[in-house]
Amino acid sequence: MSALSAKHFHDERAAYRFVEAHVWPDGPVCPHCGGFSRIYDLKGKSTRMGVRKCGDCRKPFTVKVGTIFEASNVKLHLWLQAMFLLCSSKKGFSANQLHRTLGVTLKTAWFMAHRIREAMRSGDLAPFGVGGGAVEADETYIGREPGKPVKRAFHHKMKVFTLVDRESGRARSMVVDNIRPATLAPIILENLAREARLMTDEAGHYLAVGREFAQHGVVRHGQDEYVSTEDRTIHTNTIEGYFSVFKKGTKGVYQHCSKRHLHRYLAEYDFRYNERVANGVNDVERTSRALSGIVGKRLKYRDSFPAAV
């Protein structure tokens, strides 16, 4: 049976029950006042599906209030389909494909995808490398920096900096304006435990900050060294694998990411990488975990426009 055969992907009432079970595992909670003891269903003929009323503040609400679904006219079961498609596609799912699959407009599909990426964004600030684990750090380049003329090398491209914790198998990516030590060093120091083993290439912007950690392993890519001959644990192959999926997705599926929205695309790729099969998470569970992140992340269209789709 297909994973998309589940009832909540096709029936609106079942979709509401499914979302409510994730958002309100212990019963309905009013998003306006936080009350939970005096909540009842509204059952009038003209009442919208899923509407409840709080007896404390006297305000009506549904499970969509305060989430990425708020104020959306798209049916909730279509939202769940979109979440599953985006969560289960390793290299991403374009707005054009979402528009054709769900039967919504391209503008709506683009905005739905960005809302879902907001749900995927993690607020986890736990340091990498706790207990002396190896953490790989590297940067990559994509697209074109707004307003910069095309030149040789990477200077006109957008810069992405990523950390990968080998022990937990998790990645943390961010958009940076440059790759100078003054920019990257504070990021590394804030995200790594001091007992971590930092693994990088021979780039000069890692040399000084590397002294702050228990070990700084360096591979010299310029000399065609990709795994240290002295210590086979010194390499950046894990993070190169992450960048491979990211580049194939952004170039082959999305084709263009503006800098204004690049952080959301990074959140999407981080999420799928962190919640992948190798970490014991299948497509259904990955979608469920994304659904757990919908609260408090409402994104308004006017805050995202104008942007390329």
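1. Axes here are lines fitted to C-alpha atoms, for helices over the stretch in contact, and angles run from 0 to 180 degrees between N-to-C directions. Helices (H or I, at least four residues) and strands (E, at least two) are DSSP runs, numbered from the N terminus. With that in hand, helix H3 (residues 95-102) and helix H4 (residues 106-120) pack with their axes 8 Å apart, at an angle of about 115°. That makes H3 roughly perpendicular to H4, where angles of 65 to 115 degrees count as roughly perpendicular, those under 35 as roughly parallel, those over 145 as roughly antiparallel, and the rest as oblique.

2. Before we go on, a word on the model: it is a predicted one, in which local features need pLDDT of at least 70 and side-chain atom pairs count only at pLDDT 80 or more, while totals for chains, interfaces and linings use all residues. Residues are numbered from 1 along each chain as its sequence is written, and side-chain values use heavy atoms, with hydrogens and water left out.

3. Now look at how H4 meets two other helices. The axes of helix H2 (residues 76-88) and H4 come within 10 Å and cross at roughly 65°, so H2 and H4 are roughly perpendicular to each other. H4 and H8 have axes 8 Å apart and pack at an angle of about 60°; H4 and H8 are therefore oblique to each other.

4. On to the sheets, where two strands pair if DSSP finds at least two bridges between them. Five strands form an open sheet with mixed pairing, in the order E6-E5-E4-E7-E8. E6 and strand E8 (215-219) stand at the edges with a single partner strand each, so one side of each is left without a neighbour in the sheet. On average, neighbouring strands of this sheet are turned by 25° against each other, direction ignored. Within it, strand E4 (residues 134-142) and strand E5 (residues 158-165) pair in the antiparallel sense over eight bridges, and Tyr-141 has Lys-159 in E5 as its bridge partner.

5. Another open sheet has three strands in the order E1-E2-E3, with antiparallel pairing. Strand E1 (39-41) and E3 are its edge strands, each pairing on one side only. Strand E2 (residues 52-54) is joined to E3 by two bridges, and Arg-52 has Phe-61 in E3 as its bridge partner.

6. On a 1 Å grid over the protein atoms alone, a pocket is an open set of points where a 1.4 Å probe fits, with protein on both sides within 12 Å along at least five of seven lines; lining residues have an atom within 4 Å of a point. The largest pocket has 21 lining residues, of which Arg-121, Ser-122, Arg-172, Ser-173 and Asp-270 lie nearest its centre. Strand E6 (170-176) and helix H8 (259-274) each supply at least two residues of this lining.
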